[in-house]
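Hi everyone, thanks for coming. Have a look at the model on the screen, and I'll walk you through a few parts of it.

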Amino acid sequence: MTGYGKAEYIFSDHKTIVELRAVNSKQLDLTLKLYPQFKDKEADIRAMLTQPLERGKVDVAIYQQPVAGEQLSSVSAINWALAKEYAAQYKEQMNVENVPDEVMAAILRMPDVMKTNAQDTSLSDEEWTLLQHAINQALQGFLAFRIQEGAALEKMFNEKINGIEQLLAEVEPFEKGRVEKIKQHLLSNLSKLAEETKQQIDQNRLEAELIYYLEKLDITEEKVRLANHLRYFRETLQQQSDNNTQQSGVGKKLGFIAQEMGREINTLGSKSNQSEMQIIVVKMKDILEQIKEQVLNVL
C-alpha cells in the first residue's frame, strides 16, 4: 500500500526533515537515506519503523537544511573533484551536455561529496530525542495516509463486488430456457440420425444420457458458490472497516477469496454455450482482474 508522511524540527543552526514514502510490495523493503550525523542511529531508526510499517517498499529520507540566514556548521567542505566526476559520469551515461539542477543537488547531498567535521558526526541526546519525535510524527502521518487510502479502496471493492453480483443476476434469464433449448436440439439431431440409419433409439438410454449431459452443463452450484464468495469478500472488508485499523493479513485473505471467485467464473464460462452468457462471463473476469490488482495494495 502506498503512503506518505513528513515531519521536521529545528535545532541549533539547521532544520531536519523526515520523509517516508512507500509503494506496494508483498514484503517490507525498508531503505534509509541518512545524513552522516544520523548513521550511528540507523539500527534504532529501523527498529522504530519495522513493525508499524509491516510491508511495502518504503524509502525513508532524513536530511538537513540550514535555517534561513545560517549555514550548516557541520559542513566544512565539498569534495568538488568527486562531485565533478559524478556529474561527468552522468553526462556520459545519459548522453547529455548539462546536468539538471535536481541531479546536481542530489550529487551534492551524497555523503562522500559532502564532508563533515568529525566532531559533529555524532548526535546529541537532545537532538536524538527531537529526531525520535519527528520520526513518530512522520510515521503517524504515513499511517493516516494509508487509512485514508484504505477507505477509498473499500469503496472501490464494494462497487466492483456489486458489479459482479449484477452480472450474475443477468445470467438467470438465459439459464431458464437454456436447458430446454439444448435438450430439444439434441433430440432433433438424434431423430434425424435415426431416420438416416433406420435404427430405433433406446428411449431409456437416451433419457439417461440426456440427464448426464445436462447435469454437466448445470451451473447452479457455480452460481451459489460465487455468490457465497462475493458475500464473504464483502464481510471481510466490513470486519476490517469496523475494527478501524489496518489489520495485517487481510490483503492475503482477500486475494485468496478473489482466486476462488475466479475459479467459479471460469467454470461458468466453460459451461456457457450461449454467446450472451459468455459475454457476461467476460465482463465478470474484467471486473475480477481489477479487484486482484487492487488487493495487492491491502495490508
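Let's begin with helix α7 (residues 250-271) and helix α8 (residues 275-295), which pack at an angle of about 165° with their axes 10 Å apart. That makes α7 roughly antiparallel to α8, a label used for angles over 145 degrees, while under 35 is roughly parallel, 65 to 115 roughly perpendicular and the rest oblique. Axes here are lines fitted to C-alpha atoms, for helices over the stretch in contact, and angles run from 0 to 180 degrees between N-to-C directions. Helices (H or I, at least four residues) and strands (E, at least two) are DSSP runs, numbered from the N terminus.

Before going on, please keep in mind that this is a predicted model, where local features need pLDDT of at least 70, side-chain atom pairs count only at pLDDT 80 or more, and totals for chains, interfaces and linings use all residues. Residues are numbered from 1 along each chain as its sequence is written, and side-chain values use heavy atoms, with hydrogens and water left out.

Which residues of α7 and α8 meet? Contact means heavy atoms within 4.5 Å, and on the α7 side the residues include L254, A258, M261 and I265. Among their counterparts in α8 are V281, M284, L288 and I291.

Leaving aside neighbours within four places in sequence, H229 is in contact with I257, E260, M261 and E264. Is H229 buried or exposed? H229 counts as buried, because its relative accessibility is 18%; buried means under 20% relative accessible area, exposed over 50%, and partly exposed in between (1.4 Å probe, protein chains only).

Now for the strands. An open sheet is formed by 4 strands in the order β1-β2-β4-β3, with mixed pairing; two strands pair if DSSP finds at least two bridges between them. At the edges sit β1 (3-11) and β3 (28-34), each pairing on one side only.

β1 and β2 run antiparallel, joined by 9 bridges, and A7 stands opposite V18 in β2. These two strands form a hairpin with 2 residues between them, and S12 in the turn has a positive phi of about 60°.

Finally, helix α1 (residues 42-53) lies across β2, β3 and β4, running at about 145° to β3.
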